[in-house]
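This briefing is meant for a reader who is meeting the structure below for the first time. It takes up a few backbone features, then the packing of helices and the nonpolar core.

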Amino acid sequence: NYTKGGREIECGGIHSFLRQRFYAHHRSNRSERKHKQTSIIGSSVAQGKLVDAQIEAITKGQKPKRLHKLTVALLDWWKARGHTLHAAQVPVELAQGYARMTQADVITQGPDGRLWVWEVKTGWPVGFYHSQGNFASAPLTDIPCTQENIWYLQLHYTHQALVTCAALPIDLECAGVLQVYQKKVPKTKGLPRQEAKVIVEHRSVPQWLRTRVPLLAPPTLGLGVPVLLKKRPRKEEHEEDNHQ
């Protein structure tokens, strides 16, 4: 819910919009992870929301009493590269008048002064690289519908919104997916098992998004659906995040 042009507006989010347009056929892999056969430790929606909330609190000048190890790893990664946290969970309308909202997970400023936008993901989904056909809409009908590529789509449309609707000067090369997850350390015979290693991976926007989906015009003033004329979004939309 938000106010624009003197009206209160209620709209859906980016996840249902992209799902309907590009990957309605995609089904998240909810199968049990075979822990004895993989070194990756899975995440959860609750864990992802905790990391998001802690980073948001820090950008507001607050400091949680006990930071999650994934939060610490992300903060260390940005600090080591000279990035300063500026904002988190920033709401912005999608470009081109889709009457949808998205949230930019984290915005930082790099050592050269440029702004960056990050789509933060926790864990490693089962079947991460598995393709379920291709995306359903042009101009991406030849692009495999994988969880990784879905993440890139979310990042790209959020970046579009920040540039066109919020007028933030963020180059596409300064938009990235930052994935943080835990990986088991192989046990050494005769020694106690070590703690799982936390890994942070930076995933840059792929070439097919740099050339095929251009920045769009911002929506005109007043676009949106009045609250009283639209049903509330389904609760599960907020639950079906990418934290797996």
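Gln89 has its place in strand S5, which covers residues 84-93. The model is a predicted one, and the points below are grouped by topic.

**Backbone features**

- Although Gln89 is not a glycine, this residue has a positive phi of about 55°, and with a relative accessibility of 14% Gln89 counts as buried because the cut-off for that class is under 20%.
- Ala167, which is not a glycine either, has a positive phi of about 55°; Ala167 is placed in the loop between H4 and strand S8 (175-183), and its relative accessibility of 61% means that it counts as exposed.
- The peptide bond that leads from Ala138 to Pro139 is cis, with omega near 5°, and Pro139 lies in the loop between strand S7 (115-122) and H4.
- Most residues other than glycine have a negative phi, and most peptide bonds are trans.

**Helices H2 and H3**

- The axes of helix H2 (residues 45-59) and helix H3 (residues 69-80) come within 9 Å and cross at roughly 45°, which means that H2 is oblique to H3.
- Where the two helices meet, Gln47, Val51, Gln54, Ile55 and Ile58 of H2 are in contact with Leu70, Thr71, Leu74, Leu75 and Trp78 of H3, and by class this contact has seven nonpolar, three polar and no charged residues.

**Nonpolar core**

- The largest nonpolar core has 53 residues, and those with the most contacts inside it are Leu74, Trp78, Phe135, Leu153 and Tyr157; helix H4 (residues 147-164) gives the most to this core, with eight residues.
- Leaving aside neighbours within four places in sequence, Leu153 is in contact with Leu18, Phe22, Tyr23, Phe135, Leu140 and Leu209.

Key: Residues are numbered from 1 along each chain as its sequence is written. This is a predicted model: local features need pLDDT of at least 70, side-chain atom pairs count only at pLDDT 80 or more; totals for chains, interfaces and linings use all residues. Side-chain values use heavy atoms; hydrogens and water are left out. Axes are lines fitted to C-alpha atoms, for helices over the stretch in contact, and angles run from 0 to 180 degrees between N-to-C directions. Helices (H or I, at least four residues) and strands (E, at least two) are DSSP runs, numbered from the N terminus. Angles under 35 degrees count as roughly parallel, over 145 as roughly antiparallel, 65 to 115 as roughly perpendicular and the rest as oblique. Contact means heavy atoms within 4.5 Å. Ala, Val, Leu, Ile, Met, Phe, Trp, Tyr, Cys and Pro count as nonpolar, Asp, Glu, Lys and Arg as charged, and the others, Gly among them, as polar. A nonpolar core is a set of buried Ala, Val, Leu, Ile, Met, Phe, Trp, Tyr and Cys residues joined through side-chain atoms within 4.5 Å. Buried means under 20% relative accessible area, exposed over 50%, partly exposed in between (1.4 Å probe, protein chains only).
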